[in-house]
Each structure stands twice: as C-alpha cells, then as structure tokens.
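This report describes a protein chain together with its ligand. Please study the sequence and the model shown below before reading on.

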Amino acid sequence: MADNNDQTPPKDGANAETRGFQTEVKQLLQLMIHSMYSNKEVFLRELISNASDALDTLRFEGVKDDSLFESDPELRIRVDFDKDARTVSICDNGIGMTRDQVIDRLGTIAKSGTKEFLAALSGDEKKDAKLIGQFGVGFYSSFIVADEVTVITRRGGEQQAVKWVSDGGGEYTLEDTTKAGRGTDVILHLREDEDEFLDSWRLKHLVRTYSDHVAFPIQMLEEPAPPSDDDDDAPKDVTPEWQQVNRGAPLWTRPKSELKDEDYAEFYKHTSHDFEDPLAWTHNKVEGSQEYTSLLYVPRRAPFDMWDPNRGSHGVKLYVQRVFIMDDAEKLMPRYLRFVRGIIDSNDLPLNVSREILQSNKVLDRIRSGSVKKLLGLLEDIAEKRPDDYKTFWSEFGAVLKEGVVEDSANQETIAKLSRFTSTHEGSEPQSVSLEQYIERMAEGQEKIYYITADSVAAAKNSPHLEVFKKKGIEVLLLTDRVDEWVMAHLTEFQGKAFQSVAKGALDLGEAETDEEKAEKEKLESESKDLLERLKTALGESVGEVRVTHRLTDSPACLVADEMGITSHLERILKEAGQSVPMSKAHLEINPTHPLVKKLDGEADEARFGEWAHLLHEQAVLAEGGELEDPATFVRRMNQMLLALSGGGSGDGGGNETDSAAA
Ligand code: ADP
C-alpha cells in the first residue's frame, strides 16, 4: 500500500535519467506507426481505455483503503487540446503509477511470446495492422499521431510524481515532478500533419463514437451556452467549463432494446483492445435467486498468444455492482473458452470480495456455469444460422473449444455437437463435418463412428488403415489436431454411437460385412496359421501379436494398437513431450492376399524369411508416419532385397558385399 507517512516534500526535476526501450518496444513502435496509420484515431480510444482501467483499479483498491481517493472522490477522464502548443491531452484521476511502475509498464512489453510475434510479421502493412490489432497496441498507439509523448503521473496516496517523455525513438527520459491531483496525464505533441485533432468538434465526435459507453464521465471544456442578446448584464468573457460528453453509463446496464450492433461492437473494442469487430455476442440479465448481467463476446480472430500457457488475461472481467473487481478469466470462464471476452456484473457478491473468497465461491460457480451455457448456446446459434461465421469461428478457435470435451464433462455432448471434422466423405470441405452429419450418412448396419488420428491430413488419408473403409465406402473422420488424441480418449460416444479408432483393436464392421465376407475371413485365417507363427518367431518382441488383417486391401501389412492401448501416433506425441510411454507393443496385421506376403509365405530359407519379415514390419511403421528405431539397418535390408530380386546380389541375408553395393 502507499506510504502516506512519507514526510519528504515531492521534488521537481530531480533524479533525471534517460533509459532505453526494450528492443521489442522499439520494433513494435516502428511497425505500428507505419501499419496502423489508416486507423490512427484509435489512439484516443486506447488512451481512454487505459484511463478507465486506472479509474476501475482505484475504485477497487479504494474499497479497502479510502485514503487513496485523497480529497477527490469524483472519478473522471478529461480530454483537452491546446492549439498553440499543438497538444492533445488525456487526463485521469485514477490510480496513477509510481516511478518503478512507469519504467515497467511504459518501457517494456511484459507479454511472453512478443519476440516470436514480431518476428512473424510479414511487412505487408494491411496484414500487419490486423495482427498488431490482435496483439493490442494500447499506450504505444500514441506515437501514430504524436512525435513526442509526455506522461505525468502520481500514484494515489503517494507524494512524488514522475514525468516520462519520449519521441518514440529508442529512448525515454524520466524525472521527478510535482502533480497536485493523483492520476495520469498523457500529453501528445502532434506530428506535423495531425492538426485535425486540435479541434473540439472532432475530439468530441471521436469520444462519442468510440467511448460513449465508458462507465466514467469523459469531460471536455465547453463554453456555456451564450447569453441571450437582451441580457446586457451577462459577462462578455465566458470561461469554458468541464462538461461530460459521453453517456457515462456502463453499456451492459442499458436495456437491450436500446442498444445497436455498433454500440456492442464499440464496447467490445474498448474492453478487449481488439481492433476488429466481434464475431458474436450474448447479453443477458439474470434475475431471481441470483442476479447478474453478462455480456460475452466471441472475437473474430484468435489472440496471438492463445496457446501460451502463461497468457495474461484480457478475457472476461468481473464487476460487482458496477465496480470492477478482477479480470482473472479462469474463475469466470473455463480454460477451453479462454478466447471469450466481455464482462460479468454480479449483484450478489460483496463489494470487498477478495481473490481468496473468489477461489471457491458458490455464487461465482453458478454464474460461471450459467455463462458457459449461454456461450455454448450462442455458438450453437451461429452454427445453425450463420454457417460462414461458424467456419471462421471453428478455424480460429475449434482446437481450443475441443479441449472442453475433456475439461467439461457436463457439457461434453454439446461441445461434441459443435465440433467439426475433416472426413473422407467425398466433396466435404476440411474441418466442416459435424458428428450429426456423420451419423445421418451412416450406412445401414454401421454402428460406430470411425476415426483415425495422424500428424497431417495427407498421412491420415493415405494410411493403410483406411483401405477397407475406402473399399466399402464407409466414412472416416481424419483427426490431425494435436489435442485430438487426448480428446478422443475422453469422448466415447455421441448420440448413442461409439467412437472407434481404425488403428485400434480387432476390426469389427458389424453388419456392414456380408456372410460371404465373414466366411472368407475365417478361411484366410486358418490357411495363414503357419505363416503367422513363422513371422512371430522371426520378429520376436518387436511386435505384439501377428494376425491376419481385415483392414487392408492394397497394402501388405499394418500396425494395430490394442483396444485399450495407445496408437503409434499417440506414442510419438508422448515421446516428443518427453513423457514415458507405456510398454505395449503394437500388433502386426498382414494381408495374406497381397503378392509380397504370398511370396514371403513361399520362402523356404529361414534367414531370408527373417529379413522379409522385418522389412514388412518396418514398412508398416513407416506407412503410418512412424520412425524406425534403426533406419540404417532398414535401408541395408531393403537394398539387399532389391538386389536379390533384380538378380544383382547374393541375397544371402547378411553379406558385406551388398552392404558396400548399397552405399
Ligand atoms: P495494456 O493496457 O494492454 O496493458 P498499454 O501499453 O496500453 O498496455 O499500457 C501498459 C500499462 O501501463 C497498463 O497495463 C497500465 O498498467 C499502465 N497504464 C497505462 N495507462 C495508464 C493510466 N492512464 N493510468 C495508470 N496506468 C496506466
């Protein structure tokens, strides 16, 4: 808390120093000035947003320590300009900043992943502008219109104020200063061609357009209405007075019928620092045993750091009776909805609620589950009525929403219904097939929803595991997101239909198989008994069982996991993540009708049979995108066999001459 007993008088001009911006800030400033120029007036919205946040923080902290208000409890933001000095200023009496906070907040970017983000920008101004918008430019947008920015700030309850000045190059200066009222003044010295902002009408228009719904009064100096002509006693020189130019009521407290789409969009940009309009929103007033208002938005675009586990929150803000409490989104929204933005305003929580209380609070739990329902309902609505927007939504946030299948068992069915997949169905677009569509298309006799997991759509599509499904025209979902393995481990059925990995367990196509096909299968199995045993002996512990396949039509062999085991795809993901992999060997399934397997069956030389067997196993590993434990031996073996087949080598299963021939 602030030290109110500090008796040293505040200093002016002392402790001057020059500091360099963090490299990332320098880069961002350069990029922003160029690529954001066509949206230059956003600086005003951003600075007013910051001012409004500072007022929110003051009001929140003031609940516990009312000395922070000093003798100035009327919270407000003031926008002013000076034609002669060519400055525009945005001043708030919010919480303010200490010297250390200024250094920390106006000289660095704390967001992790910033370096990577900046490196990924293309240099194409239009594209970069959108991306920078996603990043959230905030305070630094001042430099789009200003060639020098001065910040004078004093933290509530502190004596000493500090002055920060920069021209947006590589450095800024700091020095002690005095400031009567607490809070922050941001003074922009405009660039050469930016005189348009030195105009009362223009500024007022911008405030009304972009910040009308800011919950605090935004004031500008206005001359009182001129006295009427016959009033001779009226003073000639009228002094302008501070007048409120925005509506000043929080948007979410207003009746829905009064609000236009533009109002919702502007409020979204104000609270989220996004530069684009939202994709959709839902505004609800809940009354009865529990009273709260929620206004939740789905953005059009994922924030650049959506996958960063340490991502700070710019998500859903909690208010209690209109007072901002926190923006720790996780208490209000589950992780799988971390892209959602907006506000929740409760009438039931106490104003002095602490983070500890919020940690496990029944009121908050109920608000959270009610809000999740509303949000999922909104998504269902978009999916049904606005398919193009849903496509946008799914491509941006689908992979995150799917995590909900695991995290939120209460809503699992709804989330599964909202999920979209790539599938083998002819003509279906990638990431567009819903489970309901899949079930509708299921052929008579098909009982399961078939899927395959792989690293890429190409690997999934060409996997040998799909052969019999292609032949029979059975649709298979191709799952290639990293979360899919994890999701599918938790999603066992949808609308009464079980999910079945095509790479797991003994394949049972149910009634999709005719009696003749079943008889044929049994015949093949009994005829292949000897071959299976020989293969198992040759391959030993490198495989589980060796059995006859019913999945393959064109390939000689494939690997199959146990029903309860993990697929080789998951095994690879776990290994990459440095996790220990449970020891269960995949089973090798062979296709006895394949010419190579037939040839193998006829091989009398056991040594050569062994080489063939290993080759069969190794190519099954490769075909599903796996890595060989010993690729060099595979290459040697393959070259040897090729030479033997073309009559060029000894083919004796271990000769050194073929080794050198291969190299
Ligand atoms: P963001 O608002 O996205 O965090 P900004 O670059 O706009 O990023 O601001 C950085 C930080 O500086 C803010 O998070 C806030 O802590 C502080 N700040 C900016 N403007 C003000 C202000 N008017 N009053 C108090 N603090 C401010």
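An oxygen atom of the ligand lies 3.3 Å from an N or O atom in the side chain of R105, a polar contact (a pair of N or O atoms within 3.5 Å; within protein, one must be able to donate a hydrogen and the other to accept it, and residues adjacent in sequence count only if both atoms are side-chain atoms). The model is predicted: local features need pLDDT of at least 70 and side-chain atom pairs pLDDT 80 or more, whereas totals for chains, interfaces and linings use all residues. Residues are numbered from 1 along each chain as its sequence is written, and side-chain values use heavy atoms, with hydrogens and water left out.

**The ligand site**

| Residue | Ligand atom | Distance |
|---|---|---|
| N50 | oxygen | 2.8 Å |
| R105 | oxygen | 3.3 Å |
| T184 | nitrogen | 3.3 Å |

Taken alone, the ligand exposes 520 Å², of which the protein buries 79%; these areas come from the Shrake-Rupley method with a 1.4 Å probe, and for residues only the protein chains shown count as cover. The ligand is surrounded by 11 residues, and N50, D92, R105, G138 and F139 are the closest; a residue is near a molecule or strand if one of its heavy atoms lies within 4 Å of it. Helix α2 (residues 42-64) contributes the most to this shell, namely 3 residues. Helices (H or I, at least four residues) and strands (E, at least two) are DSSP runs, numbered from the N terminus.

**The sheet**

β1 and strand β6 (residues 171-177) run antiparallel and are joined by 4 bridges; here G20 stands opposite E171. Strand β5 (residues 161-166) is also antiparallel to β6, with 6 bridges, and W164 stands opposite L174. The hairpin of β5 and β6 has 4 residues between the strands, and G168 takes a positive phi near 80 degrees in this hairpin. By contrast, strand β2 (residues 77-82) pairs with strand β8 (residues 218-222) in the parallel sense over 2 bridges, and I77 stands opposite I218.

Key: Pairing = 2+ DSSP bridges.
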